[in-house]
Amino acid sequence: MHLASSTKQTRRWVAALTLGGLAAMAATPDAKAQTRVTVAVTETIASHNPHADSVSLMYAAWCQVYGCLFHYDFDTASHYSIALKDWGLKDDSNPLVWSFTLKDDLMFQNGTPVTTADILHSVDRIRNDPQTRQSHNARYIEDIVAVDDRTFEITTTEPVATLPFYLANFIISSKDVFDEFGREAADREHPVGFGPYKLKELVVDNYMVIEKVPGNELVSEDNPDEIIFKIMKEPEQRVTALLNGEVQIAQFIPPQLVPRIEQAPNADVAWVDSVELMFLAMNPEFKPWDDKRVRQAVAYAINRPAIVKAILQGQASVLDGPVGPGQVGYDPDNKMGYEYDPEKAKALLAEAGYADGVEIEYQTPVARYIADKQVSEALVPMLEAVGFKVNFKTPEWGTLWSNVQKGGVPFYYMGRGSVVDPSAALSQYFETGASPRIGFSSEKVDTLLKQERQTFDPEARMEVLGEAMAAITEEAPAHFMWRHQMAWGISKAIAYEPLPDASIFGWEIHMK
């Protein structure tokens with residue numbers, strides 16, 4: 001059996017496994033003053049149901065409450081697991097069957113062991129829960145069976161070399177608790193997991209409070225006893241709260257507010273290159289986006305470097321295709337993007353039959369991404385300069401996101417977060433039938449995405465992945481804009497290094 005070891009644990013919490021760390025964890029909460037960190041965040045908190053969110057913040061929040069199968073360590077560029085002892089193909093001769101073994105001492109917070117019955121139950125919820133927003137993560141699972149209480153096997157619908165990326169955010173909950181109390185009561189009143197924090201309080205679309213579990217191997221004495229995720233959508237609100245000491249971490253500081261934090265005596269700015277892809281989506285199921293030339297005209301019409309310089313103040317890197325430095329599949333010699341060329345954009349519109357212009361509706365979120373409204377306001381005159389007649393709309397984020405997921409928005413600005421390996425994201429947005437978010441379909445792209453997914457040799461896979469990304473860029477159902485260099489506001493009372501995927505884990509936060 002070829003199995004990948006899970007011993008490559010992230011360096012940030014390995015200290016908790018030392019004798020000193022174990023001694024610190026043995027201390028009761030009453031032995032010291034309770035510590036609390038409040039995080040000002042921009043994303044939604046949709047429900048008590050851990051499967052009802054599909055955003056990076058909540059994946060991370062629920063994973064440290066319930067526990068997940070995998071996490072990604074950016075330092076080692078590899079997966080690690082707090083749940084699994086080992087994993088990998090059961091037999092190298094059969095690329096469809098994977099074997100997974102749970103750690104022997106894995107326990108829920110109520111003292112009961114985690115077994116394969118809980119894994120199968122959780123996978124069923126991910127696939128079939130009426131509130132789930134995560135079923136795409138299980139799309140390649142043909143079957144899952146329990147070999148015994150500690151071992152389970154997954155048979156995939158096709159060879160999937162990137163399966164751990166799809167399984168990374170599989171949230172695991174107790175089958176016994178679910179069976180005893182039912183879905184709603186189990187989630188709301190008995191959220192039992194094996195993570196290092198437990199759910200203390202949650203108010204939908206407002207805040208979430210999690211509390212450290214003493215004795216869990218992932219947490220140490222200097223990690224906060226309590227973490228509050230508080231939604232603060234307005235950047236000014238987040239910065240003011242940070243400087244007033246109301247929060248200790250403030251997400252996503254826009255360029256114009258960075259100097260306020262840099263000049264503050266009680267806070268610092270921490271920088272990280274985001275792995276969130278910002279893009280303009282053009283749904284071919286709506287006119288005029290059914291014509292590739294119109295989509296390409298948008299790409300040529302946008303002066304991305306000028307926007308990065310003037311609005312984002314240099315705090316972003318323009319993309320040449322779907323990925324950038326540090327992401328799987330990036331090749332600096334393979335330039336597949338679009339240069340600013342308004343005359344080319346006009347010519348393409350004319351070729352498509354729109355020499356006199358064409359009316360379009362453009363939607364953008366507000367205060368969801370860095371300077372999203374300001375960026376979009378700059379895009380509109382660029383589009384109109386080449387012949388588009390833009391009806392500009394700024395719906396509430398919840399409304400926009402819901403409509404995007406249903407495939408009901410023809411043209412919009414958005415980000416796709418947590419893109420370390422782009423395979424899952426490219427499939428989700430550009431493979432026929434994967435999701436309605438863009439509604440794009442191409443036999444060539446489908447073939448290439450399937451081929452790269454099924455290629456286990458890393459070098460050969462990179463070649464096919466490059467071909468797939470080039471084909472998507474050429475077809476332009478999305479125009480890939482940039483990756484933000486994200487500024488976070490961090491209180492000087494804590495030590496914290498933000499992660500490229502914007503996940504926030506309690507074991508990464510240390511009280512000074």
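Buried means under 20% relative accessible area. Keep that cut-off in mind for this tour of a predicted model.

**Stop 1: Asp187 and Arg125**

Select Asp187 and Arg125. Both residues are buried. Their side chains meet in a salt bridge, 2.9 Å from N to O. The pair links distant parts of the chain, 62 residues apart. Asp187 sits in helix H7 (residues 183-189). Arg125 belongs to helix H4 (residues 116-128).

**Stop 2: Glu226 and its partners**

Glu226 lies in strand S11 (residues 226-231) and Arg36 in strand S2 (residues 36-41), so the contact ties together parts that are 190 residues apart in sequence. Is Glu226 buried or exposed? Glu226 counts as buried, because its relative accessibility is 8%, under the 20% cut-off.

Lys200 is partly exposed, with a relative accessible area of 48%.

**Stop 3: a salt-bridge network**

Salt bridges that share partners join Arg125, Asp129, Arg183 and Asp187 into one network. How many salt bridges does the structure hold? The count is 25.

**Stop 4: a negative surface patch**

Select Asp457, Glu459, Glu463 and Glu467. Together they form a negative surface patch. Center the view on Glu463. Glu463 is in helix H17 (residues 458-475). Glu463 is exposed, at 55% relative accessible area.

**Stop 5: the disulfide**

Finish with the cysteines. A disulfide is a covalent bond between the sulfur atoms of two cysteines. A search of the whole structure finds one. Which residues form the disulfide? Select Cys63 and Cys68: they are the pair, and their sulfur atoms are 1.8 Å apart. Check the torsion about the S-S bond of Cys63 and Cys68. The angle is about -75°, so the disulfide is left-handed. Cys63 is buried, with a relative accessible area of 1%. Cys68 is buried too, at 0%.

Conventions:
Residues numbered from 1 in each chain as written. Predicted model: local features only at pLDDT ≥ 70, side-chain atom pairs only at ≥ 80, totals over all residues. Heavy atoms only, no water. Salt bridge = Lys/Arg side-chain N within 4 Å of Asp/Glu carboxyl O. Helix = DSSP H or I, 4+ residues; strand = E, 2+ residues; numbered from the N terminus. Buried < 20%, exposed > 50% of the residue type's maximum accessible area, 1.4 Å probe, protein only. Patch = residues over 30% accessible without salt bridge, like charges linked within 9 Å, V, L, I, M, F, W, Y side chains within 5 Å. Areas by Shrake-Rupley, 256 points an atom, 1.4 Å probe, with all protein chains shown as cover. Lys, Arg positive; Asp, Glu negative; His and termini not counted. Charge placed at Lys NZ, Arg CZ, Asp CG, Glu CD. Disulfide = S-S within 2.5 Å.
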